[in-house]
Amino acid sequence: MSKIAIVTDSNSGITQKEAKELGIYVLPMPFMIGEELYYEDINLTQEQFYEKLLNGENISTSQPSPEEVCKLWDSLLKEYDEIVHIPMSSGLSGSCQSALMLAQDYDDRVQVVDNQRISVTQRRSCLDAMELAASGMDAKAIKEFLINDKFNSSIYIMLDTLQYLKKGGRITPAAAAIGTLLKIKPVLQIQGEKLDAFSKARTTSQGKSVMIGAIKNDIETRFGGITPAPGGVWLQIAHTHNEEAALALKEELLEVFPGYDIFIAPLSLSVSCHIGPGSLAIACCKKISI
């Protein structure tokens with residue numbers, strides 16, 4: 001049986017500490033803040049990031065350099081037979097395409113998985129990959145399995161502010177002004193490779209109801225239906241600097257899905273810098289069957 005290393009990036013939400021505990025390897029995502037280069041969870045904490053964001057500092061996302069990626073791969077291949085590399089969705093970053101190109105020089109020993117996930121759903125793919133490797137699958141088979149499984153997940157995100165979408169040019173200043181005046185809470189979705197509009201809410205309570213209803217509908221129509229806990233799906237909550245609200249949302253979700261184990265984590269900083277603090281997300285992933 002091949003000895004397989006699972007590699008991802010910090011967009012998965014897996015911290016360096018958690019990675020060591022899980023036996024997963026995490027490439028930290030780089031950020032340019034002003035004129036300085038920072039790496040997520042290395043010299044840039046969640047608290048520091050939001051402090052700089054709220055202070056209006058200019059923050060731009062980047063991707064790990066080819067040298068950083070290859071250095072990690074080369075080091076791991078001294079110990080492991082193969083690598084399964086799970087980057088963030090190709091629709092949200094160029095890091096996936098870069099990794100696919102770099103892997104061509106590794107004689108199939110590195111398999112890059114473009115299964116179009118991010119944050120808690122990307123994290124779940126890493127855990128699934130660990131389970132598949134333990135079952136005896138080689139890296140290529142794991143890649144194929146995860147790609148075939150890519151649409152068995154959903155994420156819905158409610159924004160607290162339109163300021164950062166406006167700043168990033170994703171909506172016009174006029175639309176942002178009207179939305180702010182009307183106190184609109186946009187609900188976005190990640191289904192496949194892109195972040196798209198899903199619905200609009202006028203209150204936080206309404207926005208949460210929209211997300212819960214959407215997840216419930218996905219589970220009932222796409223993922224085998226709601227069953228007694230622990231059920232056939234993994235439920236997750238992500239947030240941007242909004243843990244207290246995330247814990248309250250968990251209690252609301254448990255009323256619909258009693259007894260489920262609901263995982264909570266901060267949303268990846270690469271998404272956070274485009275949507276700002278105060279956001280809440282609900283995600284689900286269908287449990288794999290080996």
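Predicted model: local features only at pLDDT ≥ 70, side-chain atom pairs only at ≥ 80, totals over all residues.
Visitor: How are strands held in a sheet, and in what order do β4, β3 and β5 lie?

Guide: Strands of a sheet pair through backbone hydrogen bonds, either parallel or antiparallel. Here three strands form an open sheet in the order β4-β3-β5, with antiparallel pairing. The edge strands, β4 (36–39) and β5 (59–61), each pair on one side only. On average, neighbouring strands of this sheet are turned by 30° against each other, direction ignored.

Visitor: Over how many bridges do β3 and β5 pair?

Guide: Strand β3, residues 30–33, pairs with β5 over three bridges. M32 stands opposite S60 in β5.

Visitor: Which helix packs on the sheet?

Guide: Helix α2, residues 46–54, does, and touches β3, β4 and β5. The direction of α2 makes about 125° with that of β5.

Visitor: Where do β11 and β12 pair, and in which sense, parallel or antiparallel?

Guide: Strand β11 (residues 233–239) and strand β12 (residues 262–266) pair in the parallel sense over five bridges. A238 stands opposite A265 in β12. Together with helix α10 (residues 243–256), β11 and β12 make a right-handed β-α-β unit.

Visitor: How should I read the buried residues of a helix such as α3?

Guide: An α-helix has 3.6 residues a turn, so residues three or four places apart point the same way. In α3 (residues 66–76), the buried residues are V69, C70, L72, W73 and L76. Seen down the axis of α3, they fall within an arc of 160°, so they line one face of the helix. The face turned away from that buried side carries the exposed residues E67 and K71.

Visitor: What do the buried residues of α3 pack against?

Guide: They pack against the strands β1 (4–9), β2 (25–27), β6 (82–86) and β7 (110–112), and against helix α4 (95–103).

Visitor: Which residues have the most contacts inside the largest nonpolar core?

Guide: In soluble globular proteins, nonpolar side chains tend to be buried together. The largest nonpolar core here has 26 residues, and F31, L44, F49, I59, I155 and I157 have the most contacts inside it. Elements giving two or more residues to this core include β3, α2 and β8 (153–158). Its largest share, four residues, comes from α11.

Visitor: What is I59 in contact with, leaving aside its neighbours within four places in sequence?

Guide: I59 is then in contact with F31, M32, I33, F49, K52, L53 and C273.

Methods. Residues numbered from 1 in each chain as written. Heavy atoms only, no water. Pairing = 2+ DSSP bridges. Axes fitted to C-alpha atoms, helices over the stretch in contact; angles between N-to-C directions. Contact = heavy atoms within 4.5 Å. Right-handed = clockwise from strand over helix to strand, strands pointing away. Buried < 20%, exposed > 50% of the residue type's maximum accessible area, 1.4 Å probe, protein only. Arc of directions from axis to C-beta. Core = buried A, V, L, I, M, F, W, Y, C linked by side-chain atoms within 4.5 Å.
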